[in-house]
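Please consider the model shown below. The paragraphs that follow lead from its aromatic pairs to the chain as a whole.

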Amino acid sequence: MELIDTHTHLDFPDFDSDRTEVLAHSHTLGVGRMVVLGVYQQNWQRLWDLVQTDESLFAAFGLHPVYLNEHRPDDLTELGDWLTRLQGHQQLCAVGEIGLDYFLQALDRERQQALFEAQLKLAVDFQLPALLHVRRSHAAVIATLKRIRLPRGGIIHAFAGSQEEAREYIKLGFKLGLGGAATWPQALRMHKVLALLPVDAVVLETDSPDMAPAMYPGQRNCPEHLPDI
């Protein structure tokens with residue numbers, strides 16, 4: 001069975017010393033394809049250069065809410081330019097990582113919302129799914145997705161919401177990303193919700209190099225860990 005890691009940041013410097021080896025070993029373990037997500041304009045070219053070295057890698061481009069204060073006004077225009085240039089390329093798969101983060105109090109929510117909506121509209125315009133970062137913001141994200149409908153849906157990265165929120169996302173055409181967080185024994189609420197979800201609503205992810213599973217505490221997370229997850 002081929003596994004797909006739907007959420008990685010393999011372009012990050014954490015992998016500079018052994019990226020080739022990580023990819024090769026992941027393939028031997030059955031991880032056949034991996035999505036690499038952009039988080040700010042400065043890493044899009046590096047990300048695309050990486051993806052072009054391996055046909056098993058797929059790229060998503062986006063402006064992550066956590067880096068809100070680093071994004072420039074013209075980054076949205078440049079995102080549209082990137083999507084235009086690469087439209088139809090088999091290794092362009094989504095707009096992401098985008099979304100809303102209400103956990104970090106210093107991030108302006110109105111600016112986050114405006115950026116989120118603009119990028120969702122790009123996903124609609126280019127007929128791409130969206131890969132979403134949602135942290136303590138499920139109600140706002142669901143309300144936004146009901147107003148801006150994505151024909152190709154997307155994935156809620158590291159889903160940790162309620163059963164009701166899961167149902168709303170599924171109705172909106174989204175899959176729920178399951179990664180390292182769900183492997184920890186103390187994630188009791190998440191275990192209860194996951195047990196009630198249809199299997200086809202869930203996709204696997206690592207969020208490499210972050211969110212290591214319980215089997216590898218404190219270590220750098222890798223696509224190699226996906227079979228264990």
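How many aromatic pairs does the count come to? In this predicted model, the count comes to 6 aromatic pairs. A pair of aromatic rings is described by the distance of the centres and the angle of the planes.

The rings of Phe159 and Tyr169 are edge-to-face, because their planes stand at 85 degrees, with the centres 6.1 Å apart. Phe159 is in the loop between β6 (154–157) and α6 (163–171), whereas Tyr169 is in helix α6, 10 residues apart. With a relative accessible area of 5%, Phe159 lies under the 20% limit and therefore counts as buried. Tyr169 is likewise buried, at 0% relative accessibility.

The chain as a whole contains 7 helices and 8 strands. Its radius of gyration is 17 Å, which agrees with the value near 17 Å for a compact globule of 229 residues. Of these 229 residues, 54% count as buried. Among contacts with a separation of 6 or more, 70% are between residues 24 or more positions apart. The chain exposes about 10,700 Å², of which carbon and sulfur atoms supply 53%.

Technical notes: Residues numbered from 1 in each chain as written. Predicted model: local features only at pLDDT ≥ 70, side-chain atom pairs only at ≥ 80, totals over all residues. Heavy atoms only, no water. Helix = DSSP H or I, 4+ residues; strand = E, 2+ residues; numbered from the N terminus. Rg over C-alpha atoms; globule rule 2.2 N^0.38 Å. Buried < 20%, exposed > 50% of the residue type's maximum accessible area, 1.4 Å probe, protein only. Contact = heavy atoms within 4.5 Å. Areas by Shrake-Rupley, 256 points an atom, 1.4 Å probe, with all protein chains shown as cover. Phe/Tyr/Trp six-rings, centres within 6.5 Å; stacked < 30°, edge-to-face > 60°.
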